[in-house]
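This report describes a single protein chain from its atoms.

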Amino acid sequence: MGGGVTRLYSNLTPTLSSMSPLPLQPVEDKLDPVFCQAQKGSPLCPPDPAELLQQCEEALRDRPPRFHRKFTELSDGDGSTSSPIRVMQWNILAQALGEGLDSFVQCPMEAISWSRRKYLILEEILTYRPHILCLQEVDHYYDTFQPILAGLGYSSNFCPKPWSPCLGVEGNNGPDGCALFYDQSRFEFLDSMNMRLSAMRIPTNQVAVVTMLRCRSTGRCLCVAVTHLKARSGWEWFRSAQGSDLLRNLQNLVQKHPTGLTGDPGATYIPLLICGDFNAIPTEEVYQRFAGSPLGLESAYKKLSQDGLTEPEYTTWKIRPTGECCSTLDYIWYSQDSLRVDAVLHMPTEEQIGPNRLPSFSYPSDHLSLVCDLSFKENE
């Protein structure tokens, strides 16, 4: 496995060394030691994502087959102004939590090891190559995901939780948090902010990353947010308050910017894309708040249902000491007046997931990635 690691990082090293460092908060200046086994004398050229994917697959050649998921292509009869924007939403499972606190009783510890999981996570990202990537439970941002994805042309922002549970696990890699990545060849950066969510005006441990982007091909703007709401049963009211706080802040943000920024003179506000692990099933109040928001939000994955009104049966499936949990907690919300859904990636079947559920040797997280293609609607 070491040879594949060396080639993967060595291909990225020239690109990384030529980029200006991002204004990150102070952290230990230490990259993942395995990825840092870079070879000298690499050619000065951008890495090929297809080649990097092949190297990940080579490093994982002893694992069971990966999930094969298909896209459903959609046609609403609305025109679009550009090629679709691919969006991925994914709670990747913090390494410290997977090893320490989450207790996946049917998953062998070897399958949760970082030496395997990092390749599985990168493989998933490289397979779908999203233009916008929204991640939760990221505790290897600085040593792995930021440098590797920067080498592939992504810019990013990261917001750790103020009191991350990862810090209570021995040998942790720092706090987990939310990360937002975007393809710099597709989008121009306009503005970004990290947000600590409040409940009843009291700051909480949950956060959001909000980034304003301009599409280079259309000139139209998009406000993207990624968040991770409070977990566990009994905290429904808390999640509802956090969701209301996020919606209120996003509404103030998009209405504060001049509408001319959208590239659409008829727009009243900048289109929104909100991705996250809401830890809430569709019947919860926080889901209803988003569905009924005056911002005109719709959930992309409802497009997979026959009636267009139903979420998938599950986005997470795991077995803990307390029992089996199969629920829909993750969502991609979008402004339905300005954006259209062109394609949605299906969930793997129960047979593919297997009797021991997630995570596993085939899949690195207890949450499944959500991937969809979106386009700006034509100006009327």
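The sections below go from the whole chain to single residues.

## Basis of the values

The model is predicted: local features need pLDDT of at least 70, side-chain atom pairs count only at pLDDT 80 or more, and totals for chains, interfaces and linings use all residues. Residues are numbered from 1 along each chain as its sequence is written, and side-chain values use heavy atoms, with hydrogens and water left out.

## Overall make-up

The protein chain has 9 helices and 15 strands; helices (H or I, at least four residues) and strands (E, at least two) are DSSP runs, numbered from the N terminus. Of its 380 residues, 57% count as buried. Here buried means under 20% relative accessible area, exposed over 50%, and partly exposed in between, with a 1.4 Å probe and protein chains only.

The accessible surface of the protein chain is about 16100 Å², and carbon and sulfur atoms hold 51% of that. These areas come from the Shrake-Rupley method with a 1.4 Å probe; for residues, only the protein chains shown count as cover. Among contacts (heavy atoms within 4.5 Å) with a separation of 6 or more, 78% join residues 24 or more positions apart.

## Nonpolar cores

In soluble globular proteins, nonpolar side chains tend to be buried together. A nonpolar core is taken as a set of buried Ala, Val, Leu, Ile, Met, Phe, Trp, Tyr and Cys residues joined through side-chain atoms within 4.5 Å. The largest one in this chain has 69 residues, of which Val 87, Ile 132, Phe 145, Phe 181 and Leu 273 touch the most other members. Helix α5 gives the most to this core, with 8 residues.

Leu 273 has contacts with Val 87 and Ile 132, and also with Leu 222, Cys 223, Val 224, Ala 225, Ile 332, Trp 333, Tyr 334 and Leu 374, leaving aside neighbours within four places in sequence. A second, separate core has 27 residues, including Ala 208, Cys 221, Tyr 269 and Phe 278.

## Helix α5 and its two partners

Two packed helices are described by the angle between their axes and the distance between the axes. Axes are lines fitted to C-alpha atoms, for helices over the stretch in contact, and angles run from 0 to 180 degrees between N-to-C directions. The axes of α5 (residues 114-128) and α6 (residues 141-151) come within 12 Å and cross at roughly 35°. On the α5 side the contact is made by Trp 114, Ile 121, Leu 122 and Ile 125, and on the α6 side by Thr 144, Phe 145, Ile 148 and Leu 149. These residues divide into 7 nonpolar, 1 polar and no charged, where Ala, Val, Leu, Ile, Met, Phe, Trp, Tyr, Cys and Pro count as nonpolar, Asp, Glu, Lys and Arg as charged, and the others, Gly among them, as polar. In α6, 11 of 11 residues are buried, and just after this helix Gly 153 takes a positive phi of about 95°.

The axes of α2 (residues 49-59) and α5 come within 9 Å and cross at roughly 145°. Helix α2 contributes Pro 49, Leu 52, Leu 53, Cys 56, Glu 57 and Ala 59, while α5 contributes Tyr 119, Leu 122, Glu 123, Leu 126 and Thr 127. The division in this contact is 8 nonpolar, 1 polar and 2 charged.

## Loop residues

The loop between α9 (350-353) and β15 (370-376) holds Asn 356, and Pro 359 lies in that loop as well. Asn 356 is partly exposed at a relative accessible area of 39%. Beyond four places in sequence, Asn 356 touches Gln 106 and Ile 319. Its C-alpha atom is 9.8 Å from that of Pro 108, 248 residues away along the chain. The peptide bond from Leu 358 to Pro 359 is cis, with omega near -5°.

Ser 338, in the loop between β13 (330-335) and β14 (339-345), counts as buried because its relative accessibility is 13%. Ser 103 sits between α3 (95-99) and α4 (109-112) and is partly exposed at 34% relative accessibility. Met 200 sits between β6 (187-199) and β7 (202-215) and counts as exposed, at 63%.
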